[in-house]
Amino acid sequence: MTDTAKVVAVTGASSGIGEATARRLATDGHRLLLGARRTDRLDALTKEITTAGGTAAFQRLDVTDAADVRAFVSAARERYGRVDVVVNNAGVMPLSPLEALKADEWDRMIDVNVRGVLHGIAAALPAMRSQGGGHFVNIASVGAYEVSPTAAVYCATKFAVRAISEGLRQESAGNIRVTLVSPGVTESELADGISDPAAREAMKTYRAVALPASAIAEAIAYAVSQPSEVDVNEVIVRPAASAQ
């Protein structure tokens with residue numbers, strides 16, 4: 001249990017890193033609002049956390065809808081009185097070679113991975129300014145630092161998240177903390193969205209060695225737990241046995 005419980009809004013909380021982060025932050029006594037489209041999973045996770053003595057609620061959330069994200073952040077403030085941390089975690093990864101021309105999937109990645117983060121910032125930044133402080137934790141990827149075949153658009157979105165995070169950090173020095181967490185290969189459902197057969201098969205090999213989502217949750221919990229004068233800016237977490 002931390003000395004100071006924070007109000008934390010987590011997007012993409014129905015599985016993977018978001019779900020693990022919710023569980024981990026709940027053990028530190030933080031008060032959570034969990035968002036995702038799959039409310040059945042959010043309901044089960046919220047009940048699990050509250051049964052264990054934690055504090056959590058959930059709301060259906062589509063991060064591609066700016067109004068939906070504003071309502072999500074407003075719900076956190078109405079329930080708990082403030083919003084201290086926003087974990088912009090929601091993401092998709094339908095990999096394919098550019099020549100496959102899967103423009104709809106490109107658009108989806110841009111909408112979720114980039115606009116979703118911007119919507120989270122736009123919704124919470126005014127509230128954080130008015131209350132005198134806050135913290136954005138944006139989830140990127142090792143793909144924010146390198147590009148691989150079939151991942152050009154996905155990596156582009158994660159490069160964007162990295163750039164947005166650094167810009168926000170520079171503009172907000174003083175009372176708004178910004179952390180970029182970039183996971184290496186991590187157990188999640190991201191690969192389930194790959195429709196291209198070759199890319200899907202290649203991902204099986206790529207993901208042969210993977211971190212549990214709880215490892216990324218630990219990195220997030222570390223950043224969130226630091227005192228207000230400490231800003232953990234970038235964390236890259238990779239499997240020790242992997243060169244990727």
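This is a predicted model: local features need pLDDT of at least 70, side-chain atom pairs count only at pLDDT 80 or more; totals for chains, interfaces and linings use all residues.
1. The expected span of a helix is 1.5 Å times one less than its number of residues.

2. Helix α7 covers residues 213-225, and its 13 residues should span 18 Å at 1.5 Å a residue; the end C-alpha atoms are 18 Å apart, so expectation and model agree.

3. Which residues of α7 are buried? They are Ala 213, Ile 216, Ala 217, Ala 219, Ile 220, Ala 221, Ala 223 and Val 224. Their cover includes one helix, α1 (16-27), along with the strands β4 (85-88), β5 (134-139), β6 (176-183) and β7 (234-237).

4. Helix α5, residues 152-171, passes the same check: 20 residues should span 28 Å, and the end C-alpha atoms lie 28 Å apart, which agrees.

5. The buried residues of α5 are Val 153, Tyr 154, Cys 155, Thr 157, Lys 158, Val 161, Ile 164, Ser 165 and Leu 168. Among the elements covering them are α4 (103-131), β5 and β6.

6. The largest nonpolar core has 33 residues, of which Val 86, Ile 121 and Phe 136 touch the most other members. Two or more residues each come from β1 (7-11), α3 (66-80), α4, α5 and β6. Helix α4 gives the largest share, 9 residues.

7. What does Val 86 touch, leaving aside residues up to four places away in sequence? Its contacts are Ala 9, Ala 124, Met 128, His 135, Phe 136 and Val 137.

Conventions
Residues are numbered from 1 along each chain as its sequence is written. Side-chain values use heavy atoms; hydrogens and water are left out. Helices (H or I, at least four residues) and strands (E, at least two) are DSSP runs, numbered from the N terminus. Buried means under 20% relative accessible area, exposed over 50%, partly exposed in between (1.4 Å probe, protein chains only). Contact means heavy atoms within 4.5 Å. A nonpolar core is a set of buried Ala, Val, Leu, Ile, Met, Phe, Trp, Tyr and Cys residues joined through side-chain atoms within 4.5 Å.
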